[in-house]
Protein chains: 4
Amino acid sequence: MFNSFGNILRVSTFGESHGVAIGGVIDGFPAGVTIDFDAVQKELDRRKPGQSKIVTQRKEPDTVEFLSGIFDGKSTGMPIGFVIKNTNQKSKDYNHNTNVYRPSHADYTYDKKYGIRDYRGGGRTSARETANWVVAGALAKQLLAHISINAFTSSVGDIFIDKPYQDLDFSKTESNIVRCPDEKSAEQMIDKIKEIRKAGDTIGGTITCVAQNVPVGLGEPIFHKLHAELGKAMLSINAVKGFEFGSGFCGAKMQGSEHNDIFNPDGTTQSNLSGGIQGGISNGMDIYFRVAFKPVATIMQNQQTINSEGEATEIQGKGRHDPCVVPRAVPVVEALTALVLADFYLMDKTRKVL
Amino acid sequence: MFNSFGNILRVSTFGESHGVAIGGVIDGFPAGVTIDFDAVQKELDRRKPGQSKIVTQRKEPDTVEFLSGIFDGKSTGMPIGFVIKNTNQKSKDYNHNTNVYRPSHADYTYDKKYGIRDYRGGGRTSARETANWVVAGALAKQLLAHISINAFTSSVGDIFIDKPYQDLDFSKTESNIVRCPDEKSAEQMIDKIKEIRKAGDTIGGTITCVAQNVPVGLGEPIFHKLHAELGKAMLSINAVKGFEFGSGFCGAKMQGSEHNDIFNPDGTTQSNLSGGIQGGISNGMDIYFRVAFKPVATIMQNQQTINSEGEATEIQGKGRHDPCVVPRAVPVVEALTALVLADFYLMDKTRKVL
Amino acid sequence: MFNSFGNILRVSTFGESHGVAIGGVIDGFPAGVTIDFDAVQKELDRRKPGQSKIVTQRKEPDTVEFLSGIFDGKSTGMPIGFVIKNTNQKSKDYNHNTNVYRPSHADYTYDKKYGIRDYRGGGRTSARETANWVVAGALAKQLLAHISINAFTSSVGDIFIDKPYQDLDFSKTESNIVRCPDEKSAEQMIDKIKEIRKAGDTIGGTITCVAQNVPVGLGEPIFHKLHAELGKAMLSINAVKGFEFGSGFCGAKMQGSEHNDIFNPDGTTQSNLSGGIQGGISNGMDIYFRVAFKPVATIMQNQQTINSEGEATEIQGKGRHDPCVVPRAVPVVEALTALVLADFYLMDKTRKVL
Amino acid sequence: MFNSFGNILRVSTFGESHGVAIGGVIDGFPAGVTIDFDAVQKELDRRKPGQSKIVTQRKEPDTVEFLSGIFDGKSTGMPIGFVIKNTNQKSKDYNHNTNVYRPSHADYTYDKKYGIRDYRGGGRTSARETANWVVAGALAKQLLAHISINAFTSSVGDIFIDKPYQDLDFSKTESNIVRCPDEKSAEQMIDKIKEIRKAGDTIGGTITCVAQNVPVGLGEPIFHKLHAELGKAMLSINAVKGFEFGSGFCGAKMQGSEHNDIFNPDGTTQSNLSGGIQGGISNGMDIYFRVAFKPVATIMQNQQTINSEGEATEIQGKGRHDPCVVPRAVPVVEALTALVLADFYLMDKTRKVL
């Protein structure tokens, strides 16, 4: 219940950033899907630390090992177990923080809730967990080969792409280290992150994600609306503070006569302020949404804080951390999107008896 | 799976707007809670149609009948069954729309997904379902008597309250029909809605919700983060397009050095951009979030559309509909917040063995 | 979680024997199934009290009202809400037992667990709940129209049918009031129950159930084995003490060389000691199992017992109770079998991608 | 859904007998429990192959590695990931059977259901999976340190212990290789199994399990009755054909006046035909049940069978298999019992608000 995601396609994960390994069980993956192992590893490589100058300089190969559920290159319908070993466990980096609560981290809440806390690198709360999601999401993408899912960095700080997503060429997202398909914005974002890093600070940003060729009918009407599950998924990513789809918060300022999407005879719509979802169910138009990430809480500056005894202390800014989480979060957003869509895709098979 | 909400405290609902009744089963409600029936009905009355000039003029008494799970005025630990009869089923109002797809409604997606559709008033997709949630949420509030949950209208169109929530007096929310605790803004909002209604149009808005006195430790670290479940709940409400908590989308423009919440010696924090949640778990500070509602899709203007044969047709603007959904959605936001918190409150009892 | 049954097709029920009504929500029922209401009521009539001389003489019409999820005679894919009103609530019959613990009933355990108990007629623990299951099971049967499910009374006390089920004509099950398709045994069973009732006592028995034309492939390999879910379902029925399928407890005395079912070229097997299930998955052969019911705990004799203060007291044998639960449990066994099979039928649709 | 067990304490497993490893995720295990690693390994050793003359002579060290969720020797409340490597993967033993369906195995049903099958040693259907359960169950036992759970071999073929469990000394169960606490019966059982093995055959048997010091109140009233979940758990074990608790199938022959358990003033009962469970909830008396195992399907004799093309073929009896599964299944029965009780123990914490 606590560490599982999905209904039919259910991923149950485990692992702390400085334990032996992270990993999980992917259950409900249908039989007969040919697995492209390189494609999985490629997704992990997009997320891994040390990949560029503007992300953390930790080194982790992040190699996934599949332990079950795949035979002769195909899924068997049995659960897919996997592990990613932690090779770069510099726990001693963290020894000075054993009873110190880092500001805007989960140290305090974990300690209060569980009465015990793995203080090494955030333990379970580390964004290292998202590598598990990328593995599962990469498999989900292979199940949904007909759907294309493209996430990209749409803002860093106050630098925004000033074009609608329709004017972007998603094939350029991977052409720069900030993962922004608009080259001019990308340059500005990279400069901004370098400047922020030099100042020992961090900065927030947003990711936009577009899912295309989604069939009509994915989603459920009341409590498992497609956008509600997408929102829950995105809000599960470390540092996320907001989610909007279609017209989003702007839609709240509009009038019905301008917001309604008028149908074409073939069931497509002339505008798509609905964001490809009506009544919680995909309508075949592009699904698009935006996710807000706060600035990383670990900064390279000294901060006043308290320890578990309630004593004032100072925490020093050191270690190897991301000045901006957004570039590495792009494949995570895609992975969770794929998992949500795959779950609904399987669920939908049960809703009509032919 | 499809029509249930919650894990330990699980609400399973049913019902269409123009069927015999709506209702549900509230399972996992603990034994021994004294039930205040009037308080439940009072919440329903806040949501019901016809309550003021700026909401739909349909008349529904929305009287809840409890069928089980309560004995001698106390919860017994058994499932609480309830129904709300539909008394105002003017189905004939809808007969002209049997095979017409209303723009930005769920008619099209339902028809494609299920191959059959209850076309009377939206059927299951009607926001009438939210009356079920208000019943369950009212009971959850009684379980969490120590927590206070206050939602209010924070914007209508481009009229926003220009104060932080700390400067508002929540006791004034019910003093006006738009449910805005800031009197000046309330007046402007009411005027705006009247103007919009007169034009046969509709308008969007936002609701802000604040939960206070939430104990430290509610929430789970990975897939059931407190804010992720709150987000999912809010995105389940009809017409919602976005959710943000704490610093939200603004936080995505900020730097870590300004965004971090510095601790006081007692574990409280000096600022609260975290929105009362760190690492998915409540930290004892106020939880606050904002929900964006699009304008209601049913407008009192004629619109071009198609029918199920893909033929162009015109839909006429008539019937009794809300020009702005926000005032009636305020108790719905509170109800779902209470359900999410109550679920985590019960879940938390299992996480530590004393 | 507590009052729900099934995974894809999930039934959530509520209700006490002497409350206003019992009922439930049937979720996940696919769209497009034509509903035969008479068939549902007919199943309820097979379970209802007062139907013959050898069952309780309470009178309850047990009329089901469907509140949602069915439109123009077809299922819509939306949750099917239903209620059965309690019309014969002679609570005063039970007033003398308010704090007395009846032997081998659940009075004591409920009181200890919940700290509160609806003492009227067993409250939630009453077998009245099984009427809910019969409603849901009757719909599941309609979903699985190609599968035939036949349960029957196979023993009462020490009177057993002395034939294999293959030699029985299931069309005769309803021809006598004990629901035994073997006429000679039926007579003996009826006489036995009449004799027991006259003595103010009760007696146990067994029900055998046979499901035929089940397609190959229903069931899951590890924790949701078809027979494990059937067993759980049967053990959920009041008074059940045991479950065996295929060779059952006799199989535990056998050797592999005599127990193995040898294949025919078409995949059928020459013998069927497996009971139609291999590795938790149906193999297309008949599924058959046997369920043991203890004698009803309420007897028409005075018994020594205690009250909630731990004081010795005497409970008097009066009221209207079943001398043998088995005849009325036959439709309940069929209903739960149908629900389990329907759930697996829907689940199976998600296991292979074509 | 498919490979998970439990509600609050949920175990999700993976792995095939001849893959890289088996393992799983134990989620919902509460924080703060001191973990005895040796005790876990000791349970695995009771289950492992090669431990005595009367079990399979395969050699597997079955060493468990914990990957997460335990820190400084205590559970942290985070999911506990674990793996057991497969070191003895003689897949070539199985190459001759790639498309042959072994009688009374799951080869046929898997192939039909999934369209693909890991034919090496049964793949996922192998009883090797039960090693995962023993790991999880050993942890559950540590959570329930106050409860004692004792399973033992109560029959092999037609050799039964002829004493009630109350007359047995459970400390003697491990004193012989068949795990029967009655020395005389144990000798006879061992002789019987040796004789059967010499004949190249296999034989069935039963295991009885007794749980003592279970607190009053574990279990749920309707669909999660304690005995229903125990039954489901037992029926999940490979080769199990039946389950009975308390009076079981014998109870079906009895009368209410002899079957009812009369209370003592302290709430205990004079007899315990209820088997420690009333209305699905533990009453504080001993919980006892019996599980029937069929003879192992793999025999050392040649058998006629078919292949996936439906052609007649002969399967040869070779390999290293158990002549009787019961001795090695004793720790498996205990493990699942512990898991069920632990799940209900945690669930019960949510049922009453103090």
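A:Ser126 has a relative accessible area of 16% and is therefore buried, a term for residues under 20% relative accessible area, with exposed over 50% and partly exposed in between (1.4 Å probe, protein chains only). The model is predicted, so local features need pLDDT of at least 70 and side-chain atom pairs count only at pLDDT 80 or more, while totals for chains, interfaces and linings use all residues; side-chain values use heavy atoms, with hydrogens and water left out. Residues are numbered from 1 along each chain as its sequence is written, and chains are lettered from A and ligands numbered from 1 in the order in which they are written.

A:Ser126 is found in the loop between helix H2 (107-114) and helix H3 (130-143) of chain A; helices (H or I, at least four residues) and strands (E, at least two) are DSSP runs, numbered from the N terminus. Beyond its neighbours within four places in sequence, A:Ser126 is in contact (heavy atoms within 4.5 Å) with A:Ser17, A:Gly121 and A:Asn238.

An unreviewed UniProt entry places the feature "binding site" at several residues, among them A:Ser126, A:Asn238 and A:Ala297. UniProt positions are given in the numbering used here, feature names are shortened, and annotations may be inferred rather than shown by experiment. A:Ala297 lies in the loop between strand S16 (287-293) and strand S17 (303-307) of chain A, and it counts as buried at 5% relative accessibility. Residues up to four places away in sequence aside, A:Ala297 touches A:Pro103, A:Ser104, A:His105, A:Gln303 and B:Asn260.

Aromatic rings form a further theme. The structure holds 54 aromatic pairs over all chains; rings of Phe, Tyr and Trp (its six-membered ring) pair if their centres lie within 6.5 Å, and planes under 30 degrees apart count as stacked, over 60 as edge-to-face and the rest as tilted. The rings of C:Phe223 and D:Phe5 have centres 5.2 Å apart and planes at 35°, so this pair is tilted. Because C:Phe223 lies in the loop between strand S12 (205-212) and helix H5 (226-235) of chain C, and D:Phe5 in strand S1 (residues 4-5) of chain D, the pair joins two chains. C:Phe223 counts as buried at 1% relative accessibility, and D:Phe5 counts as buried at 6%.

Chains C and D are also related as copies. Chain D can be laid on chain C with an RMSD of 0.0 Å by a turn of 180° and a shift of 0.0 Å along the axis, superposed by least squares on the C-alpha atoms of residues with pLDDT of at least 70 in both. That is the relation of a two-fold axis.
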